[in-house]
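The sequence and the model come first, and my notes come after.

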Amino acid sequence: MGYKTIVEDNIDILVAGAGLGGTGAAFEARYWGKNKKIVIAEKANIDRSGAVAQGLYAINCYMGTRFGENKPEDHVRYARIDLMGMVREDLAFDMARHVDSAVHQFEEWGLPIMRNEKTGAYLREGRWQIMIHGESYKPIVAEAAKKSADKVYNRVCLTHLLMDEAKENRVAGAVGFNVRTGNYHVFKAKTVICGAGGASNIFKPRSVGEGAGRVWYAPWSSGSAYGLMIGAGAKMTQMENRIVLARFKDGYGPVGAYFLHLKTYTQNAYGEEYESKWFPELQKMVGKEYLDPEASHRTHRPIPTCLRNHAIICEVNAGRGPIHMVTMEAFQDPHLEEIGWHNFLGMTVGQAVLWASTDVDPKYENPELTTSEPYVMGSHATGCGAWVSGPEDVSPPEYFWGYNRMTTVEGLFGCGDAAGGTPHAFSSGSFTEGRLAAKAACKYIDDGKAEGIRVSDEQIQRRKKEIYKPLETYQVYSNEVVAGSVNPNFINPRQGLDRLQKLMDEYCGGFGVNYMTNDKLLNIGLKKMAILGEDLENVAASDIHELLRAWELKHRFLTSEAVFQHTLFRKETRWPGYYYRGDAMKLDDTNWHVLTVSRRDPKTGEYTMEKAPLYHLVGDIEDKDLAKLKAEGHH
Amino acid sequence: MPTFVYMTRCDGCGQCVDICPSDIMHIDKSLRRAYNIEPNMCWECYSCVKACPHHAIDVRGYADFAPLGHSVRVHRDEEKGVIAWHIKFRNGKKDLELLAPITTKPWGTAIPKLAEVAAPSKDMVNSQLLFNEPKYVRMDNGGLNTLQSNGLSLKEGVYY
């Protein structure tokens, strides 16, 4: 194959994937590494790449300490409650204490942030969310990254990390291919900051046919954050903690502004409140410590997202679906109606298209809600991702190994979806994590930790052969059949993706089985995954575009395998409403008040699982109202 | 809502190809115009629609759940810093025009070039601070939050 090999050498910091995390990393790296060589590799165009490509109508993580609103520990506590206790609180605290400085810079760069005219503070949607006109959020932060980076390689899909051959378990760069020219790209780097994305489309989506791209998280979020890092042997955490979203049916339009700002609410098909009746049974499953509706009602303590999903799932199964969002009241106010529409146009245009096509005017009709297929990611209300070090002034010994946001592979850092245990970072928090990783990566280099890296030509050639293999497979076997996509020697990437999604759905707790799985199902699923893994050696690509899909599929596969392993390991139902372990239907704090950590041996493909201790921030972070309730005997 | 391209408006300039996050807008080799090669990987993000200088790209809702006969059009103007939307319902009863700002500053002018900013001091390097901190955290003279400053500690165990 006549593709050129293009080598970019002597890179100090390689940013692998530049969504909000990666752009934050590239931007900040220049400040701490004035003379360092900073290079970005992105499979799309950084002006519109990552989960924020389309824009956002809110920044969901902003403390507002400037306006006297919240302290970082308040946010940690919120994330802890929402995730049923499973959060890396050192990382969450660190992100929260820096996040406002990112947001203030965004405003200075031109991002329109709405203001509360009475107070002068940013306009709050909820306690943590501020409202923005964020159609150009991504192009604005991309501009900042471009100003800092030495080079931006758009349209280069990274497939593997390069490993140092002088010192074991140390990163040495990355390789991939240009999705337009087909050329092979080699990036030799002292450090890599992985800012690649989480995973949509690993569980069978509710949409079918042409609509299969209508997923909640972007279809280009191919789990490459995990595919790259797992492939390099980095430890992962909380990969079982997939997220299910309650969203407007079919379009998956966001509900945050509707609930929080427009004050809309949900009801069942018969106009009844349904949530509270499911809570007593649910409380028996998770314990009063995690679900105390009365305490939640009387304080600001939120009811965890998964538990609210659980009520929807139960009500629909009881035959009283669909669940509706009651918009007809709020939308009588023309100002609120306009916000409702702007909210979609700013971040999920497809929902506006859906309502226009189905004549659903929320002013006169309450739209349907549904629970989505599961997603695996680390920046929304869940914390899948790499096991990374925290900051030295916060983290306990088990959480600290020298450099903030460094994975267990030396010189490999993670931010955004790539960093595990840090839910509720969202866009601003992901950007902040990128900044933290960049500073630490510069320090790692300056401390001399990246000296003497050696990458052999053998490694580079081996990866090259591996990358182009799907094209070769196609060339060799496609002419054995007359035409069409049925071939006894290979599957194409779409066929492989369909198989993966069906498998994940049926054995790992997708929407098709009401998010239910158990040890038996998971073990059968893993067996089938192993065979799918073998077949993926025979995935075929007819052109460079399909080669991109083939590698996205391989990253999704590695992600899914980790999800299976983690789900099997955690023998409890920690997040009812995200998924259920039928063989262990209760939350079990005695055995499972821990973080799950995995490692896949890159040589053998074998998984080892371990439990990591959970540390919680304690001190003056208790909700005063809740403390009073507690004193009255509620806990 | 996968995108599609109007034959008479597209001149094959490739702006949509350049911007599509999903790599699905490609140029048809014989017609030399753009088209959506993989509608089921389209997120309806409108990046290509906004980027097209001829408004040649439009969207028709996903066939599996969106009936025909609707329209959501957009015009994004970086110079004026605004985006204009036009929504039309299938039954014609709703016809909405909405305008929103996309930036408050002329493009790119307000973003600092960090290579030209004074280098951080050694103290700064050894601290927990990021660029522009601590000032930008609170926009005053307050310091960065630490466990100590906030009277906190991290403890192993079961806490709610």
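What follows are my entries, grouped by topic.

**Entry: the kind of model**

I noted before anything else that this is a predicted model.

**Entry: the domains of chain A**

I looked up how chain A is divided. Domain 1 takes residues 8-243 together with 377-446, and domain 2 takes 246-371. I then looked up the distance between the C-alpha centres of domain 1 and domain 2 of chain A, and it is 28 Å.

How many residues of each domain are in contact with the other? I found 20 residues of domain 1 of chain A in contact with 20 residues of domain 2 of chain A. On the domain 1 side, the elements of chain A that give two or more residues are β3 (56-59), α2 (72-82) and β4 (130-134). I sorted the residues of that side of domain 1 by class and wrote down nine nonpolar, six polar and five charged.

**Entry: a pair of helices in chain A**

I turned to helix α1 (residues 20-32) and helix α12 (residues 426-446) of chain A. Their axes come within 7 Å and cross at roughly 40 degrees. I recorded the crossing of α1(A) and α12(A) as right-handed.

Which residues meet there? From α1(A) I listed several, including A:Leu20, A:Ala25, A:Glu28 and A:Trp32. From α12(A) the residues include A:Phe431, A:Arg435, A:Ala438 and A:Cys442. By class, the contact of α1(A) with α12(A) has nine nonpolar, eight polar and four charged residues.

I searched each chain for cis peptide bonds. I located A:Pro322 in the loop between α9 (305-320) and β12 (323-326) of chain A.

In chain B, the peptide bond from B:Glu133 to B:Pro134 is cis, and its omega is near 5 degrees. I placed B:Pro134 in the loop between α3 (122-126) and α4 (135-138) of chain B.

I checked phi next. A:Arg155 is a residue other than glycine, yet its phi has a positive value near 65 degrees. A:Arg155 is in the loop of chain A between β5 (151-154) and β6 (156-163).

Is A:Arg155 buried or exposed? It counts as buried, because it has 20 C-beta neighbours inside 10 Å, and 20 or more is the cut-off for that label.

B:Glu44 also has a positive phi, near 55 degrees, and is not a glycine. I found B:Glu44 in the loop between β3 (33-36) and α2 (47-51) of chain B. B:Glu44 has 27 other C-beta atoms within 10 Å, so I wrote it down as buried.

**Entry: chain B as a whole**

I ended with chain B. Its secondary structure comes to four helices and eight strands. Read along the sequence, I wrote the pattern of chain B as β-α-β-β-α-β-β-β-β-α-α-β.

What is the radius of gyration of chain B? The value is 24 Å, whereas a compact globule of 160 residues would have one near 15 Å. I also looked up the box that the C-alpha atoms of chain B fill along the principal axes, and it is roughly 65 × 45 × 30 Å.

Of the 160 residues of chain B, 35% count as buried.

Technical notes: Residues numbered from 1 in each chain as written. Chains lettered and ligands numbered in written order. Predicted model: local features only at pLDDT ≥ 70, side-chain atom pairs only at ≥ 80, totals over all residues. Domains from an automatic or database assignment. Contact = placed C-beta atoms within 7 Å. Nonpolar A, V, L, I, M, F, W, Y, C, P; charged D, E, K, R; others polar. Axes fitted to C-alpha atoms, helices over the stretch in contact; angles between N-to-C directions. Left-handed = near helix turned anticlockwise from the far one by under 90°. Buried ≥ 20, exposed ≤ 12 C-beta atoms within 10 Å, placed from the backbone. Rg over C-alpha atoms; globule rule 2.2 N^0.38 Å.
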